[in-house]
Amino acid sequence: MKRISILVADDEKEIADLIAILLEKEGYHVIKVSDGQEALHVTETKTIDLLILDIMMPKMDGYDVIRHIREGHNMPIIFLSAKTSDFDKVHGLVIGADDYMTKPFIPMELVARVNAQLRRFTKLNQPLTNHKKTLEFGGLIISADQRTVHLYGENIELTPKEFDILYLLASHPKKVYSVENIFQNVWGEAYFESGNTVMVHIRTLRKKLEEDKQQNKWIKTVWGVGYAFNG
């Protein structure tokens, strides 16, 4: 069986070495790089199943790296950074990260988050047997196979998490999902005060679906309860 490959991009050698030791004990194959350009090169030339990415790195910072990667790859990405502000965390999630941890970190928590992201990614990429693979609602077409969204013929670029949220809601029109339900289904881990993370993704998803130009919203807020797809 092919070993899962994890790329660790961090210019602090001690941290990269520690992460490699932790993950290799879990049976993962670990590749270490120390700058953003090298991280991008590895993702384009090797099969990477998960990326642990620092933000402040030489040659290219983590934000630019993730923007380039998300143009063609949907592997889980975890930001691991000394930047601790809420703005940095939200910005990292909005541009395509699946998770965000701050330094200093608890080693076993990082391992747990890596395992959770890989479980979720593996589950979401299994063949769909209980759901329709293509959902159509008027001018909105959502393809589960290709993980694409088209709105009135135009392709809408979504991050992996935005797509997962939209597909979850659209698969069960009118069903109301609480913030906790959405987090547990999409992030694949226990809910722990992560409501802001879900709301940020819903807000950017609505903007991309051009809800500000429509009288009827695709995603309906059910006050005090959660969100439902208005298809």
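Hi everyone. Take S8 and S9: they form a hairpin with two residues between the strands. In the turn of that hairpin, Tyr152 has a positive phi of about 50°. Please keep in mind throughout that this is a predicted model.

Let's stay with S8 and S9 for a moment. Strand S8 covers residues 148-151 and strand S9 covers residues 154-156; the two run antiparallel and are joined by three bridges. Across from His150 you'll find Asn155 of S9.

S8 has a partner on its other flank too. Strand S7, residues 140-143, pairs with S8 in the antiparallel sense over four bridges. There, the residue opposite His150 of S8 is Ile141. S7 and S8 also make a hairpin, with four residues between the strands, and in that one Arg147 takes a positive phi near 50°.

Let's zoom out to the whole sheet. It is an open one of four strands in the order S6-S7-S8-S9, with antiparallel pairing. S6, residues 134-137, and S9 are the edge strands, each pairing on one side only. On average, neighbouring strands here are turned by 20° against each other, direction ignored. S6 and S7 run antiparallel and are joined by four bridges, and Thr134 stands opposite Ser143 in S7.

What lies across this sheet? Helix H6 does, over S6, S7 and S8, running at about 110° to S7. H6 spans residues 160-171, twelve residues in total, and reaches 16 Å from its first C-alpha to its last, close to the 16 Å expected at 1.5 Å a residue. How many of those twelve residues are buried? Eleven, so the helix is mostly covered. Among the buried ones are Phe163, Ile165, Leu166, Leu168 and Leu169, but also Lys161, Glu162 and Asp164.

Over to the other sheet. This one is open as well, with five strands in the order S2-S1-S3-S4-S5 and parallel pairing. S2 (29-33) and S5 (99-102) stand at the edges, and because each has a single partner strand, one side of each is left without a neighbour in the sheet. From one strand to the next, the twist averages 20°.

Inside that sheet, S1 (residues 5-9) and S3 (residues 50-53) run parallel and are joined by four bridges. Ala9 has Leu53 in S3 as its bridge partner. Helix H1, residues 13-25, packs on this sheet and touches S1, S2, S3 and S4 (77-81), with its direction making about 170° with that of S2. Helix H4, residues 86-94, lies across S4 and S5 and runs at about 150° to S5.

Which peptide bond is cis? That is the bond from Lys103 to Pro104, with omega near -5°. Pro104 sits in the loop between S5 and helix H5 (107-124).

Next, the loop between S3 and helix H3 (62-69), where we find Lys59. Its phi is near 70°, a positive value in a residue other than glycine. Is Lys59 buried or exposed? With 64% relative accessibility, Lys59 counts as exposed.

Met60 is found in the loop between S3 and H3, yet Met60 counts as buried, because its relative accessibility is 16% and the cut-off for buried is under 20%. What is Met60 in contact with, leaving aside neighbours within four places in sequence? The contacts are Gly36, Gln37, Leu40, Val65 and His68. The C-alpha atoms of Met60 and Glu38 are separated by 8.9 Å, with the two residues 22 apart along the chain.

Finally, Lys174, in the loop between H6 and helix H7 (179-187). Phi of Lys174 is near 75°, a positive value in a residue other than glycine. Lys174 is exposed, at 53% relative accessible area.

Notes. Residues are numbered from 1 along each chain as its sequence is written. This is a predicted model: local features need pLDDT of at least 70, side-chain atom pairs count only at pLDDT 80 or more; totals for chains, interfaces and linings use all residues. Side-chain values use heavy atoms; hydrogens and water are left out. Two strands pair if DSSP finds at least two bridges between them. Axes are lines fitted to C-alpha atoms, for helices over the stretch in contact, and angles run from 0 to 180 degrees between N-to-C directions. Contact means heavy atoms within 4.5 Å. The expected span of a helix is 1.5 Å times one less than its number of residues. Buried means under 20% relative accessible area, exposed over 50%, partly exposed in between (1.4 Å probe, protein chains only).
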